[in-house]
Amino acid sequence: MSGNRQITTTVIQQRKIEGKTITMLTAYDFSMAKFLNDAGIDMLLVGDSLGNVVLGYDSTLPVTMEDMIHHGKAVCRGAKQAMVVVDMPFMSYQVSTEQAVTNAGRIMKETGAQAVKLEGGREIVSAVKAIVNAGIPVVGHLGLTPQSVHSLGGFKVQGKEEKSAQKLLDDAKILEENGAFAVVLECVPALLAQKVTQAIGIPTIGIGAGVHCDGQVLVTNDLLGLYPGFSPKFAKRYANLHVQVAQAVAEYKKEVETRVFPSVEHSFKISDEVLEKLY
Ligand code: KIV
């Protein structure tokens, strides 16, 4: 299943060396994974944003290992060339390194993904090291780490003060030293992200972290404009699909109610001869 993928950790790391930008988007199901894969996106992230955008929770905290594995499997079936990275959900890697390795192993075995992503820096470094030592590629995640939303005091830009900026820079170095092969930087000032990108040898993938990162990631549902309401400042909408969805569903409703749909072309035939024999 995963043996013939074209985008490997080596390819991703080579991109930084060659100065070629990495593209990453979130995917939660087979169809979207296929769209993104066929469009040539390098990395598909089965993000635990699944909790917000697919499962309807108001944070990522309730997302379970079973949720991530279920959706990870579907994405892997649709992504033939792209690398698939699956988020480790809240409390699947914080309790002990043993549990972290067991859960990372389950994700790899059961989904067919190529890597896992963990949120945090020095606090979770023993888990990162142990997972890497087990032969599992790890993507780090620094800055606004949604699993820590309550301790961060909400969804806000991170690393604006000297102390927090220095911690973020040091954490990126720690993740690199402990074997992470890439790191997501979420909601950090663009010039801090640039400094981090220059200071480490592994690729940075930004979301709300400016143009100087080695790659970019967005939540695909935001990019497609699937929701009419609030959209984060950093999430550029490349389409407003919620308008087309609402129009299509309204038209379907009207045509069903007025018996315009299904028409003859959407119906199957039976011969008069057979019909006449029925009683
Ligand atoms: O869960 C997710 O979608 C993420 C991205 C925002 C990077 O972690």
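# A tour from the pockets to the core

Select the lining of the largest pocket to begin: by class, 16 of its residues are nonpolar, eight are polar and eight are charged. Nonpolar here means Ala, Val, Leu, Ile, Met, Phe, Trp, Tyr, Cys and Pro, charged means Asp, Glu, Lys and Arg, and the others, Gly among them, are polar. The model is predicted, with local features needing pLDDT of at least 70 and side-chain atom pairs pLDDT 80 or more, while totals for chains, interfaces and linings use all residues. Residues are numbered from 1 along each chain as its sequence is written, and side-chain values use heavy atoms, without hydrogens or water.

**Stop 1: the largest pocket**

Which residues lie nearest the centre of the largest pocket? Select Phe155, Glu186, Asp222, Pro232 and Phe234; they hold that place among the 32 lining residues. Two elements each give two or more residues to this lining: helix H3 (50-53) and strand S6 (182-186). The space in the largest pocket comes to about 950 Å³. A pocket is an open set of points on a 1 Å grid over the protein atoms alone, with protein on both sides within 12 Å along at least five of seven lines; a cavity is a set where a 1.4 Å probe fits but cannot get out; lining residues have an atom within 4 Å of a point. Volumes are the space filled by probe spheres set on the points, which are joined across faces, edges and corners.

**Stop 2: the second largest pocket**

The second largest pocket holds about 430 Å³ of space. Select Glu123, Gly143, Thr145, Leu152 and Lys167, the closest to its centre of the 22 lining residues. Strand S5 (138-143), helix H7 (149-152) and helix H8 (162-177) each supply two or more lining residues, and H8 gives the most, with four. This lining divides into six nonpolar, twelve polar and four charged residues.

**Stop 3: the cavity**

How many cavities of 30 Å³ or more does a search of the whole structure find? The search finds one. The largest cavity has a volume of about 50 Å³. To see its lining, select Asn221, Asp222, Gly225, Leu226, Tyr227, Phe230, Ser231 and Arg237. Three of these lining residues are nonpolar, three polar and two charged.

**Stop 4: Asn240**

Asn240 sits in the loop between helix H10 (220-223) and helix H11 (241-257). Leaving out residues up to four places away in sequence, Asn240 touches Leu224 and Gly225; a contact means heavy atoms within 4.5 Å. Asn240 counts as partly exposed because its relative accessibility is 38% (buried is under 20%, exposed over 50%, partly exposed in between, with a 1.4 Å probe and protein chains only).

**Stop 5: the core**

Select Met43, Leu44, Val116, Leu118, Ile131 and Leu185, which touch the most other members of the 72-residue largest nonpolar core. Then keep Leu118: beyond four places in sequence, the residues it touches include Met88, Tyr93, Ile124, Val138 and His141. Such a core joins buried Ala, Val, Leu, Ile, Met, Phe, Trp, Tyr and Cys residues through side-chain atoms within 4.5 Å.

**Last stop: the whole protein**

Zoom out to the 279 residues, of which 46% are buried. The protein has twelve helices and eight strands, DSSP runs numbered from the N terminus (helices H or I, at least four residues; strands E, at least two). Its C-alpha atoms fill a box of roughly 80 × 40 × 35 Å along the principal axes.
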